[in-house]
There are 4 protein chains.
Amino acid sequence: MDEEPVMDVAHLGHLELLTPKPEESLRFFVDVMGMTESGRKGDSVYLRAWDDYEQFSLQLTAARTAALGHAAFRARSSQALQRRVDAIEGSGAGIGWIDGGFGHGPAYRFHDPDGHVMELYYETSWYQAPKELRPALKNQAQRYPARGVSVRRLDHFNCLAVDVKANREFFQKYLGFRLTEQIVLDSGEEAGMWLTATNKSYAFAYTREAHGVKGRFHHITYAVDSREDILRAADIFLEAGVKIETGPHKHAVQQTFFLYVFEPGGHRVEVANAGARLVLAPDWRPIRWSEAERKKGQAWGLKTIESFHTHGTPPLPGQHPFDNEVAGEHDLLEKGMAS
Amino acid sequence: MDEEPVMDVAHLGHLELLTPKPEESLRFFVDVMGMTESGRKGDSVYLRAWDDYEQFSLQLTAARTAALGHAAFRARSSQALQRRVDAIEGSGAGIGWIDGGFGHGPAYRFHDPDGHVMELYYETSWYQAPKELRPALKNQAQRYPARGVSVRRLDHFNCLAVDVKANREFFQKYLGFRLTEQIVLDSGEEAGMWLTATNKSYAFAYTREAHGVKGRFHHITYAVDSREDILRAADIFLEAGVKIETGPHKHAVQQTFFLYVFEPGGHRVEVANAGARLVLAPDWRPIRWSEAERKKGQAWGLKTIESFHTHGTPPLPGQHPFDNEVAGEHDLLEKGMAS
Amino acid sequence: MDEEPVMDVAHLGHLELLTPKPEESLRFFVDVMGMTESGRKGDSVYLRAWDDYEQFSLQLTAARTAALGHAAFRARSSQALQRRVDAIEGSGAGIGWIDGGFGHGPAYRFHDPDGHVMELYYETSWYQAPKELRPALKNQAQRYPARGVSVRRLDHFNCLAVDVKANREFFQKYLGFRLTEQIVLDSGEEAGMWLTATNKSYAFAYTREAHGVKGRFHHITYAVDSREDILRAADIFLEAGVKIETGPHKHAVQQTFFLYVFEPGGHRVEVANAGARLVLAPDWRPIRWSEAERKKGQAWGLKTIESFHTHGTPPLPGQHPFDNEVAGEHDLLEKGMAS
Amino acid sequence: MDEEPVMDVAHLGHLELLTPKPEESLRFFVDVMGMTESGRKGDSVYLRAWDDYEQFSLQLTAARTAALGHAAFRARSSQALQRRVDAIEGSGAGIGWIDGGFGHGPAYRFHDPDGHVMELYYETSWYQAPKELRPALKNQAQRYPARGVSVRRLDHFNCLAVDVKANREFFQKYLGFRLTEQIVLDSGEEAGMWLTATNKSYAFAYTREAHGVKGRFHHITYAVDSREDILRAADIFLEAGVKIETGPHKHAVQQTFFLYVFEPGGHRVEVANAGARLVLAPDWRPIRWSEAERKKGQAWGLKTIESFHTHGTPPLPGQHPFDNEVAGEHDLLEKGMAS
């Protein structure tokens, strides 16, 4: 008989992003993305999308350089949390418990094989909207803002990793994540992997770090309801002078309808369509993409933009999101338009 | 040989709406509809949608009761304007010239057979967006606001008339409007007519006044790009506590995808899909709907709501938009939801 | 410490619908809904939506009257299946094992408290598209048909029950389903419940049977990607002469964007937007709707249509879907239109 | 006083495309684009979109090579037709009258300065749908097909011209077309122009022929209702193995949301969003794009694909649509996907 799947992780909870431009980053997420500030503590501002049920899904922390602070997952129960902590401690990747602080209870911290800081918690604080943000329908966490992109909820994140395979095996073995899709090069090296703990087809992805630098972050993604919402987002980013890296277009992998931009702090931010795609099969058979298949570009033929393979946070020496071609042009474009 | 069509009227220019709650009405059009204030003069505030090329498309004027101040059409040329003025003066419906004032040049005023005040002008003032509202693309009048419904442009209006046929004939004979659709009862009485001067299938409609009162107004309509924008508008109205009368649904007549709400001053406001429907045939054959056909409700079977046949502005004694069933329920709904 | 959630049921697998008009029902699901026939056996035809990963999600079986044959759920593992079977047998609701036959392995049958036949299985057969139906992207089960509504996957079903509470407790206690929303009348009687085993907010709903008849079926629902797809479906149903009962509109409960029609056999069929709404919280707090709240109609104010509370399959004596007001009108409408 | 605008041309009527693969081209327009065959005559098949009010908008004619047969415009009246014919004859560009034949009355043929054959007619034949194609709503020409892309109506076409300015002046002076947007290089040379006779912002465009060859065709465009319809079209083309050249994306010029593919005969075909954009101003001020502005790519930053500047029909020696990069890759992509 097959081994039974471990179901201890419930879902991705939140990300902490370090930004060298805290004020500009905050304005981007609130005014352009349409998110809501739900609290402040120390150097951090806590932000939420209107459909997030917890207090926050994004912690913006002032820092010298743009980087991932940590990524946090919520466990399915207190027992499930303890089981995973025991497993991780056995792996030697453990860091230890922290109090939790704003928005959730005690959390256990650990490193993935690439050095990113991860967090696991169960006790959380449900968001209670103040009167002016109370929704008309009681089965909704917060009023729809109708401001800017108005993103719905945190969808997933993407890290870079020097050894994709090692990270995949770590999250599968010690946390029970399930592999839905992956990229395997002709050499046998894994260039990308998409893992999930829910019926969403992925909670996060790791793609190959081509520069040998550990711990870098690729992008954070917020979900909207439809592809039309993403086209609308492209118009909003254009009007707001936000640098569009690539998209809107459809990924072949996972079929995500995507749009990538850079927030003022330098992080890549994606707006994607949560759509109707669900992985319901408990024994899903992972899709393996070959090197030849990936060379073909995106679903409708768009070439993958070069900066997608190089830019991450922290940026490498001499690398800057605004150096990328599209963004540079975009500057000129605006000047041209204004002339 | 057929008579050649008169092409002297270019398009609907703007409406003046009188409102007993000027401040609340202004907040509705700016905060919820996403329009922009472009000027003030006397008791009037001038508003525009982001794609209107002239200074304004809506003049809100403080008054004792809600009513149509006037509706204005732009002529195709100064010569065309003079031709129409000559024709109207010959009809005996003329009122005379006014200076024009904010946003456009000299205008000729006249009454339609039901007593509504109409205006015709040619000289106008093109909108020049201030820096903070300048669009990224130079072929657009103003930056997309991404606030509330963010309506695109004035689409059409609807008046009530005791004698629909007399009004239809007046606008066809003296202004050169073309009939695209109409409702004719078994008795032969005309219950509704839709006229156009452009490739849009209508610039305005007149429907039967069932209470024998002349000069009443039925609704003003702003256009958005897609049906999805209208569903989004319904969510925004719901969250803002705006009274939804009926919709979203699809009209059988003109196939307009509609949503009707009441603004604080009491006027019925429609958000509709400008869509892709165009009347290109110069010799379009008017669609005639019979009494039996209209009894069938809307395109997908929705019954026409009763208040649609009774409510207009000014409201009749004892009539108030918020008395209507949907709105009343809606109040309770929100209370219920909040409990 | 809280009890840990049971995660043994993976998802809703398929429904068997009995139809007195097998040929017409088949044409409806293939030509209008855009589904694909994947097999036949005995009096049954097996149908699938393009994103269903198993062989089929709908079994149409010729019969004297329209009714639910059975509803089937897939277990998460063979061990999970055995645990649920043990629990159900303990409840006294068990019927026993069947071979399974087309598309899946051995299945255990049982009755819910209202007498509907349910099925639980684990072993299944994955769909392999023939060459002409092979998708361009390998992470998709079948080519997008672009025919009719082109529904994506089975979404949920709705049964009527004389005792809603008893059924809710049964599915929660013996199968581990989780309650997300419910309707509780002032009398304390439960009038509706929505249960899930996934991150979808419900796999099925049970609403109150007002006529004291057990075992009746309310509707089957297929999902599409966007609300626009549902508006498009309404146009397609209108053109195909399919009876539209109500919608498109947005439910307050679960916020489902809905459209209900009747298939030729008499079953109510819903096309709904799977949308981006997910229930991620492992400890979701059920939403309880009061009698007063439900009296308010749907999200945007539409009154709940009367037939929604009375029509089910099998229909009651003298009851017929085509007797309902909307459908009747719709007939006239078409006649009117054609004249 | 300004000169009055000439309003003699009503709208673009149809295009004749020559194709070396008549059967494959027909299958593309009927099965993938969702058009309807309305007649055959000689080597031609006549096709229509569901919202075209005339018999056809596309005449496919078997020929040795892919090329534009002719483009035809409908005049506003018989008098308007005679006025334009008189003007064109005065210009020396006239060819003469033809009987018209299928779908319309006598037509006058002439050459534009680049040698493309154009046609002007007034008398036409309105489409009467056979019973099985009769729409549910009588204000619609034909039933919505719900097959493939299901394009709504002919939108515009694009020719290449060695001397763009000469062609612009010809259509403005002799036919009364109005310029809405244009591209003017630093050298003063005109590289593109968009003209209209309706409230649509263009009926056709001419862009610079970089190879000195006269009479080439760039693309034909059919309109759908929304941007979502175009994303859906991209999925349909992908599934059907149709070569996608570029898009979906948004043009800066005219803000058209576009998707370009190649039909089997070699012609570039665009599906675009008719959207809500209308040019209502009778004295519209043409938008002039500079060389620097156009170097910036499309609205959201997509680079203009190289083949867009080189490929036209007939193709130049050694040039073939399937040679273009995207299409080539796409082939590999499909092989890769299938492997």
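Predicted model: local features only at pLDDT ≥ 70, side-chain atom pairs only at ≥ 80, totals over all residues.
**Chains C and D, then A and C**

Student: Through what surface do the copies meet?

Tutor: The same one: 100% of the interface residues of chain C are also interface residues in chain D, so the copies meet through the same surface.

Student: Switching to A and C. How many residues are in contact?

Tutor: 52 residues of chain A with 52 residues of chain C.

Student: And what area do they bury?

Tutor: About 4600 Å² between them, with 56% of it on carbon and sulfur atoms. On the chain A side, A:Trp126, A:Lys138 and A:Asn139 lose the most area to chain C, together 15% of what that side buries.

Student: How many salt bridges cross that interface?

Tutor: Six, by the rule used. One that can be named joins C:Asp283 to A:Arg74, with the closest N and O atoms 2.7 Å apart. Residue pairs in polar contact between chain A and chain C number 21, counting pairs with both at pLDDT 80 or more.

Student: Which elements of chain A each supply at least two residues?

Tutor: Strand 1 (9–19), strand 5 (67–75), helix 2 (78–91) and strand 17 (287–290). Helix 2 gives the largest share, four residues.

Student: How do the residues on that side divide?

Tutor: Into 23 nonpolar, 12 polar and 17 charged, for the side of chain A that touches chain C.

Methods. Residues numbered from 1 in each chain as written. Chains lettered and ligands numbered in written order. Heavy atoms only, no water. Contact = heavy atoms within 4.5 Å. Buried area = accessible area lost by both parts, 1.4 Å probe. Salt bridge = Lys/Arg side-chain N within 4 Å of Asp/Glu carboxyl O. Polar contact = N/O pair within 3.5 Å; in protein donor to acceptor, adjacent residues only side chain to side chain. Nonpolar A, V, L, I, M, F, W, Y, C, P; charged D, E, K, R; others polar.
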